[in-house]
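Subject: A structure for you to look at

Hello,

Here is the structure I promised to pass on to you. Please open it next to this email, and then read on for what turned up in it.

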Amino acid sequence: MKKNPEFALSTHLIHTGEPRPGIENAVCLPIFQTANYESADGIPYHDICYARLSNSPNHKALHEKIVAIEGAESALVTSSGMAAISATVLTLLSSGDHFLTQSCLYGGTYDFFTHDLPALGIHFDCIDPTEPASWESKLTPSTKLIYLESISNPLLQMPNFLEVVRFAKAHGLHAIIDNTFGSPVNFQPIRHGFDAVLHSATKYLNGHSDVIAGVVAGGATLIENIRCKLNHLGGSLDPHACFLLHRGLKTLAIRMEQHNQSAFKIAEFLARHPAILKVNYPGLPTHPQHAFAKSLFKGFGGMVSFELKTGLAGASSLLKKIRLPIQAVSLGGVESLITRPAGTTHAGLSPEERARAGISDGLIRLSVGLEATADLLSDLQQALPQ
Ligand SMILES: *Cc1c(COP(=O)(O)O)cnc(C)c1O
């Protein structure tokens with residue numbers, strides 16, 4: 001079904017991009033588990049499908065859905081979030097170029113920027129995304145791009161989005177944002193002037209912790225250039241993984257509604273609890289970017305982080321006592337996950353780097369899943385000091 005601009009996001013997720021009538025009248029789009037396609041007479045060579053070129057029916061249907069929900073001209077699915085990030089950055093930057101980013105980035109992205117890009121002659125400086133007045137001093141004549149995350153891990157800080165777009169336009173930079181933590185249900189950066197939005201679809205978009213995938217959406221020319229780069233790098237999404245992502249996407253809107261509501265209630269509960277020192281959640285009025293988060297976001301997502309008054313000892317005890325959330329990294333699935341970033345996702349940083357970033361040893365990060373909120377609350381209650 002073609003994109004109908006009148007449809008709400010939840011309707012797009014289910015109907016846009018679906019062949020109607022279905023193939024052989026199938027209600028669900030089948031998996032095209034084929035690498036190559038016949039080169040029938042009259043089909044130009046460049047239009048022949050091949051799964052690595054991201055042009056199978058499974059790819060095309062996903063692209064149409066993502067275009068509709070992001071408000072983008074074009075979209076591309078990739079074999080991982082990192083494949084989307086690396087192909088995008090390598091499309092926009094080449095030797096001699098400079099870009100601006102934040103120091104608190106997803107670990108894989110940070111490692112790619114620090115370990116791989118310098119060897120290609122691409123360098124960056126970090127800015128504080130919440131302090132627009134400080135950005136201009138980091139510009140160089142070769143600055144081409146500003147790359148940020150919509151909600152940072154694990155402190156859930158937000159850049160000043162509208163200032164980022166204004167700054168990028170004023171200085172001729174591409175503005176790219178990783179919105180994995182936000183999800184397109186809560187925030188659609190393209191509609192606010194970003195050139196491209198990236199997702200690890202491994203997280204909320206698929207939502208079932210059983211696929212590794214990525215997404216980039218943006219302008220038609222930019223996405224076509226990224227697609228060419230991805231064709232060369234080889235990071236296309238396998239048709240079977242396309243099918244799983246497609247299935248997961250259909251319930252994204254209703255899943256996010258529950259993630260938003262449940263995490264909000266849990267953040268409020270924690271903020272009131274006498275054993276808790278600090279709660280990080282963009283939905284709380286105490287969050288430093290709450291005011292503009294409220295004006296731009298439909299909901300505040302399912303990620304909450306917090307510290308106990310008893311620090312590391314309290315965190316370790318909570319992790320031993322908690323029953324429902326699984327101790328694991330990653331996020332955005334149906335099951336709640338809990339982790340202590342200083343010991344897992346941010347263990348690669350030195351203690352000084354962690355301290356500078358504000359990540360204490362006792363900080364706990366919770367990805368609120370789709371269990372009943374009441375069950376999660378009573379589990380937290382029994383696991384916290386009485
Ligand atoms: C997980 C994640 C990535 C990387 O995604 P993969 O699918 O694991 O490659 C990138 N950015 C953010 C914010 C993430 O959480």
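First, a definition: the domain bounds used here come from an automatic or database domain assignment. On that basis the protein is divided into domain 1 (9-249) and domain 2 (254-383). Taken over C-alpha atoms, the centres of the two domains are 26 Å apart.

Some notes before you go further. This is a predicted model, in which local features need pLDDT of at least 70 and side-chain atom pairs count only at pLDDT 80 or more, while totals for chains, interfaces and linings use all residues. Residues are numbered from 1 along each chain as its sequence is written, and side-chain values use heavy atoms, with hydrogens and water left out.

**Where the domains meet**

Counting a contact as heavy atoms within 4.5 Å, 29 residues of domain 1 touch 34 residues of domain 2. Buried area is the accessible area (1.4 Å probe) that two parts lose on being put together, summed over both. For domain 1 and domain 2 this comes to about 2,700 Å², with 64% of it on carbon and sulfur atoms.

What holds for polar contacts across this interface? The rule finds 14 residue pairs in polar contact, both residues at pLDDT 80 or more. A polar contact is a pair of N or O atoms within 3.5 Å; within protein, one must be able to donate a hydrogen and the other to accept it, and residues adjacent in sequence count only if both atoms are side-chain atoms.

On the side of domain 1 that touches domain 2, α5 (161-171), α6 (183-186) and α8 (239-249) each supply at least two residues. The largest share, 3 residues, comes from α6. Helices (H or I, at least four residues) and strands (E, at least two) are DSSP runs, numbered from the N terminus.

**Salt bridges**

A salt bridge is a side-chain nitrogen of Lys or Arg within 4 Å of a carboxyl oxygen of Asp or Glu. The rule counts 5 salt bridges in the structure, but 0 across the interface of domain 1 and domain 2.

**Some backbone details**

Most residues other than glycine have a negative phi, and most peptide bonds are trans. With that in mind, look at the loop between β4 (143-149) and α5, where Pro154 is found. The peptide bond joining Asn153 and Pro154 is cis, with omega about 0 degrees. Leu156 is found in the loop between β4 and α5 as well, and Leu156 has a positive phi of about 60 degrees although it is not a glycine. Another cis peptide bond runs from Arg20 to Pro21, with omega near -5 degrees. Pro21 lies in the loop between α1 (9-15) and α2 (57-70).

Enjoy exploring!
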